[in-house]
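Please keep the structure in view while reading.

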Amino acid sequence: MGIEPGRLHFSWISSAESTKFVDVVNDVTAGVKALGPNKTFLKTEAKVA
Amino acid sequence: MLAYIEKIKEISRRLLQEGNVDMVIGFRRGTVPMMNEPCFVKTPEDVDNLVWDSNCGINLANYLTNRQEKIGIVAKGCDSRNIVTHIIENKIKRDQLVIIGVPCKGMIDRHKIQAMFETEIEHVTELDDKITIKGVGFEKTLEKKDVLQDNCALCIHRNPVIHDELVGDLVDEQKNIDRYKDIRNIETLSPEEKWRYFDNLLSACIRCYACRNACPLCYCPTCFVDESRPQWVGKSIDPIDIRTFHFLRAYHCAGRCTDCGSCERACPMGIKVRLFTKKLEKDCLELFDWEAGMTLEKRPPLDTYRPDDPDDFIK
């Protein structure tokens, strides 16, 4: 739909795979930080209650 | 297709007279041209209100949801596939229905035709494959094949997939149709181009929900857009809210949409909303070899699990 591919990530991590979880979270956050703030998927008008 | 009407009336009258059904759902003439409207016929005397021509694009399966009566329903290819989907999803029982199958040669696109003329169209008549349009100061005859709804031009299931009665001989199915050319074009766009493409596509949307209301799949008692606790999506016409609505609605139709075109037909702004549902239809066909509403025997891909389901997107 026009979101950069690096912003969305799917992983299958078992509750026993704590190290994989840490690695994935670090990778994803680093990847998203590298992309910078999302400038497109933002509302421009006043928020509706 | 015009010849079908006598047969539709004859079958409907018989069903109502014999008490096999409580009502027949079909079409009657609309108050404006090219807009036939659904009607519920409950007595044999009212059967003469029924019509059939190339303006019966609305999907009648939409009117079956949770009904308790015995119903006769007029069904084109796409309606019949949505009836199958309704039965699979427990929205109606097969033995409540007498399906009056109509082999279909496509419906005409009111948006396309209106766009050809600057002033209001007052009369539309058809004979065989010719459509005659009349208004103040003009009269023009068009070839039906040039003004078909986009989904009808690409249709590969014109004949009803289930029926109890049939109003005419089955028609030849269209072969060698490339259904997904427009979708492939969108898929090749970069994320930025896609963003702009959908911005333009949806810029006319007024959030009237006509697409949702015309859709036989959208039968939730409370739609996610109407929910206020929690509020899933903003109710404004902010482009982000509009985009969220259209994408989420399309995803709710994944593996269920039959490309009947009711959403696009209903849209007062002429937005090509089928582009969303068709992408999911294409994915379901490619990933799960699935076409919605073709059989009562198989469960749809989204409520079955197979160990070999594609999962390349999970890293």
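Two residues are said to be in contact when heavy atoms lie within 4.5 Å. The model discussed here is predicted.

With that definition in hand, consider Phe27(B), which belongs to strand 1 (residues 23-28) of chain B. Its neighbours within four places in sequence are set aside; the contacts of Phe27(B) then include Asn36(B), Glu37(B), Pro38(B) and Cys39(B), together with Asn49(B), Leu50(B), Val51(B) and Trp52(B). Also among them are Cys56(B), Ile58(B), Leu60(B) and Lys76(B). For Leu60(B), 33 residues away along the chain from Phe27(B), the C-alpha separation is 8.8 Å. Phe27(B) has a relative accessible area of 1% and is therefore buried, since the class covers values under 20%.

Attention now turns to ring pairs. Over all chains, 11 aromatic pairs are counted. One of these joins Phe10(A) to Phe313(B) in an edge-to-face arrangement, with 5.1 Å centre to centre and 90 degrees between the planes. This pair crosses between chains: Phe10(A) lies in the segment before helix 1 (18-35) of chain A, and Phe313(B) in the segment after helix 10 (274-288) of chain B. Phe10(A) counts as partly exposed because its relative accessibility is 39%, and Phe313(B) is likewise partly exposed, at 46%.

Chain B also holds an aromatic cluster formed by Tyr197(B), Phe198(B), Phe247(B) and Phe276(B). A charged group meets a ring at Trp195(B), where Arg243(B) lies over the face at 3.6 Å from the ring centre.

Methods. Residues numbered from 1 in each chain as written. Chains lettered and ligands numbered in written order. Predicted model: local features only at pLDDT ≥ 70, side-chain atom pairs only at ≥ 80, totals over all residues. Heavy atoms only, no water. Phe/Tyr/Trp six-rings, centres within 6.5 Å; stacked < 30°, edge-to-face > 60°. Helix = DSSP H or I, 4+ residues; strand = E, 2+ residues; numbered from the N terminus. Buried < 20%, exposed > 50% of the residue type's maximum accessible area, 1.4 Å probe, protein only. Lys NZ or Arg CZ within 6 Å of the ring centre and 35° of its normal.
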